[in-house]
Amino acid sequence: MISMFRVGFARPTRQPDTNDFLPSRMTARRLLCVIGIVLLSLIAVSANSHTAFARTYTALIVDGDTGQVLHEYRADQKVYPASLTKIMTLYMLFDALDSGKVSLATQMPVSRRAWGQAPSKLGVQPGDTITVHDAILALVTKSANDVAVVIGEYLGGTETKFAQMMTSTARKIGMKNTTFRNASGLPNRGQMTTARDMVRLAMRLRNDFGDYYHYFSTQKFTYGNRTYGNHNNLLASYYGTDGIKTGFINASGFNLVASVKRDGKRLIGAVFGGRTARSRDAQMKKLLDQAYMELKKDGDIIPPRPRISPEEKILPADTQLLMAKANSANEGQIPGHIDTDTIVARIKPTSGGWGIQVGAFSDQRRAQEAVLTAARTAPEILRLTRAAVQEQESDSGVVYRARLIGFGAEEDARSACAALQRQNMACIPVVTPGDAG
């Protein structure tokens, strides 16, 4: 060993080359290539795993009155709630309102921590205050993270303590698999929930604080000089929707809890893991449509009708649109002509039902055009209705009333009219007579 040590420090005849201590250049390149491939593979596997987790799809649809499960897919799989967290934040605020701890006019201070939250936010400044009323609307429409923290700090002292209160309340109302870490839903690995728990929360919120539930149907909120629209697209695109909340962070994908009431029957659903807001909304609509079909068993609701009903020879509005296009193409030599005898059958509506009237005309063709215009204007709202041009004798002659019928309740007909009136269309709710000739 000693002789070797000495040799190591003797004057070398030449300067050692780096390659004396490394594999050949070709081998080194190959080694680097292998290492690069391994690293890229690990990154790809990690990315794919993250993507799969980030888009964990779960769903649940229940009867909002009985809790009966109508559809579920991995409803107990733990997922990130994102801004659905704010449903619990509002539940806590509604509880404070109900108990008298706060009023709608109560001013809540904005801290520097609240101001510093990541978007989406309202932009309130440190030292400002915001009323409870405005805070509710800011969460429902804008999904404002800064305002969620304002609420948490006001009710809990700190947001951390408020999150503990939220989790405790979740346990009390049966949300067994939910843990909250903040008031907004901003990313936190410890903040988890399930589709079943979120549906349970939506049901409890309506049952426990029904006086405040109407806030979730707010479509626009003006604060300062800006107006904010509601992120819940179903309010305007899916007939009967009256709440409740959307959510998104990268780790969860696009989430939605929705509440819909048609013909006196309420459904509540949750969908997690959409890749886009549009695909999430489309999936929710599909599941709700299927659920309403199932509920026809005991005559609970008027179910969606088939494309053509052989028994009653009634054509739904969407089918009429297709036929009108076909007829127009075949009858191009007669500009503006529509074969109303083919497209619309004079029908005998169910006694005591509700419909809407979009005009009364002396010409049958104009009445038919009014029905088709209404169907084009609000296809989602009127997709389950039946079109009717009803002929009626009057002192001045024959009147053709353009109607869409099949609503089970007055409130449904009035909601449909409100939607059409927002598009500057004339509309009135009507009781469909027992005998329409």
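Two strands are said to pair if DSSP finds at least two bridges between them. Helices (H or I, at least four residues) and strands (E, at least two) are DSSP runs, numbered from the N terminus.

The structure described here is a predicted model, in which local features need pLDDT of at least 70, side-chain atom pairs count only at pLDDT 80 or more, and totals for chains, interfaces and linings use all residues. Residues are numbered from 1 along each chain as its sequence is written, and side-chain values use heavy atoms, with hydrogens and water left out.

## Overall composition

The protein contains 15 helices and 13 strands. Of its 437 residues, 47% are buried, where buried means under 20% relative accessible area, exposed means over 50%, and partly exposed lies in between (1.4 Å probe, protein chains only). A contact means heavy atoms within 4.5 Å. Among contacts between residues at least 6 apart in sequence, 65% join residues at least 24 apart.

Strands of a sheet pair through backbone hydrogen bonds, either parallel or antiparallel. In this protein, five strands form an open sheet in the order E2-E1-E9-E8-E7, and the pairing is antiparallel. Strand E2 (69–73) and E7 are the edge strands, each of which pairs on one side only. From one strand to the next, the twist averages 5 degrees.

| Strand pair | Bridges | Direction |
|---|---|---|
| E7 (residues 241–249) and E8 | Eight | Antiparallel |
| E8 and E9 (residues 265–274) | Eight | Antiparallel |
| E1 and E9 | Six | Antiparallel |

Ile-244 stands opposite Ala-258 in E8, and Arg-262 stands opposite Lys-265 in E9. Val-62 has Ile-268 in E9 as its bridge partner.

Two hairpins connect neighbouring strands. One joins E7 to E8 through three residues. The hairpin of E8 and E9 has two residues between the strands, and there Asp-263 takes a positive phi near 50 degrees.

Nine of the ten residues of E8 (residues 253–262) are buried, so E8 is largely enclosed by the rest of the structure. In E9, ten of the ten residues are buried, and therefore this strand is also largely enclosed by the rest of the structure.

## The nonpolar cores

A nonpolar core is a set of buried Ala, Val, Leu, Ile, Met, Phe, Trp, Tyr and Cys residues joined through side-chain atoms within 4.5 Å. The largest such core has 60 residues, and those with the most contacts inside it are Met-88, Phe-94, Leu-122, Ile-136 and Val-147. Elements that give two or more residues to this core include strand E1 (58–63), helix H3 (85–99), helix H5 (132–142), helix H8 (195–208) and E9. H3 supplies the largest share, nine residues.

Leu-122 touches several residues, not counting those up to four places away in sequence; among them are Ile-130, Ala-138, Val-147, Phe-221 and Tyr-228. A second, separate core of 25 residues includes Tyr-239, Val-389, Ala-413 and Met-425.

## Helix packing

Two packed helices are described by the angle between their axes and the distance between the axes. Axes are lines fitted to C-alpha atoms, for helices over the stretch in contact, and angles run from 0 to 180 degrees between N-to-C directions. Angles under 35 degrees count as roughly parallel, over 145 as roughly antiparallel, 65 to 115 as roughly perpendicular and the rest as oblique.

Helix H6 (residues 145–156) and helix H7 (residues 159–172) pack at an angle of about 80 degrees, with their axes 8 Å apart. H6 is therefore roughly perpendicular to H7. The residues of H6 that meet H7 include Val-149 and Leu-155, and their counterparts in H7 include Phe-162 and Met-165.

The axes of H3 and H7 come within 10 Å and cross at roughly 90 degrees, which means that H3 is roughly perpendicular to H7. Thr-85, Met-88, Thr-89, Tyr-91 and Met-92 of H3 make this contact with Phe-162, Met-165, Met-166, Thr-169 and Ala-170 of H7.
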